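Please read the following alongside the sequence and the model. The text takes up a pocket and then a helix pair.

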Amino acid sequence: MPPPRAPRPLGTVTRGTTNPNRLRRMDRWIVATHGAELRRAADPVAVDLGYGAAPWTAVELLHRLRTVAPHARVVGVEIDPARVAAAEPYARAGLVFRHGGFEVPVSPAPSLIRAANVLRQYDEEEVAAVWRRLCARLAPASEGSRGGLLVEGTCDEIGRRHVWVALGPEGPRTVTLATRLGSLDRPSDLAERLPKALIHRNVPGEPVHAFLRDFDRAWAAAAPYASYGARQRWMRAVRDLTADWPVTDGPARWRQGEVTVRWEALAPRE
């Protein structure tokens, strides 16, 4: 009797587009905000879900996480078996590659799942179910720990503009916008990189549209600071935003061309 077939991975094959250093902004944020959780974990496993046609992002994630958590491990998970086979020569201590999808065939429960540019091809109606499935795979919260982190978002081809949602075992927490400030005309330029859960909600009457509108207004009001550079203008605009929006980070992150807002403030209206 032939052995039973392995369950088919959950999800569909993505385009697989990838470039070295494409996810640096997301990784930098993860290291800064989730590094302490990774250090505290007994066996911190991070998953690069849907790393694409080449394994550069998984290799880079291992390097960056180990700057704050030297015993971190990374598992690159891809639904296309040919991509897994192509990545195998890059495996090393702390880095392996596996065939799989949204079921995340990894043990123990991961402290981090990074899913960049994976859900963009899906319908908006599918996102919530995928989020729930992935959040259920995260390391659970416990005394002294908020549990694992899912970071899901979208960026451009070379990583200059990026927007992501951070989720814990309980669900979505925050939305972060990150950009190379020298490439920015106005904050709403980032609208094209909104993750699937938000990109179709950038219309009048939706919170994310109001946020980007207010951000553009704050950016315009901060024009005099442009003489000191785009960074100073961004920081002033974000500072003004805090009067009306629940910004969760501070100048140390703003200086990096980032701003993080509570999910509830931008969540789609039913």
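How do the residues of the lining of the largest pocket divide into nonpolar, polar and charged? In this predicted model, the lining holds 4 nonpolar, 5 polar and 7 charged residues.

The space inside the largest pocket comes to about 350 Å³. Its lining is made up of 16 residues, and those closest to the centre are Trp29, Thr33, Arg146, Arg173 and Thr174. Two or more lining residues come from each of helix 1 (24–40), strand 7 (171–179) and strand 8 (258–262). Of the elements, helix 1 supplies the largest share, with 4 residues.

Helix 1 also has a helical partner, helix 2, which covers residues 56–65. The two pack with their axes 10 Å apart and at an angle of about 40 degrees. Angles under 35 degrees would count as roughly parallel and those from 65 to 115 as roughly perpendicular, so the value for this pair falls among the oblique ones. Helix 1 is therefore oblique to helix 2. The crossing of helix 1 past helix 2 is right-handed.

Which residues meet where helix 1 and helix 2 pack? From helix 1 come Arg24, Asp27, Ile30, Val31 and Leu38, and from helix 2 come Glu60, Leu61, Arg64 and Leu65. By type, this contact has 5 nonpolar residues and 4 charged ones, with no polar residues.

Notes: Residues numbered from 1 in each chain as written. Predicted model: local features only at pLDDT ≥ 70, side-chain atom pairs only at ≥ 80, totals over all residues. Heavy atoms only, no water. 1 Å grid on protein atoms, 1.4 Å probe; cavity = no way out; pocket = protein on both sides within 12 Å on 5 of 7 lines; lining within 4 Å. Points joined across faces, edges and corners; volume = space filled by probe spheres on them. Nonpolar A, V, L, I, M, F, W, Y, C, P; charged D, E, K, R; others polar. Axes fitted to C-alpha atoms, helices over the stretch in contact; angles between N-to-C directions. Parallel < 35°, antiparallel > 145°, perpendicular 65-115°, else oblique. Left-handed = near helix turned anticlockwise from the far one by under 90°. Contact = heavy atoms within 4.5 Å.
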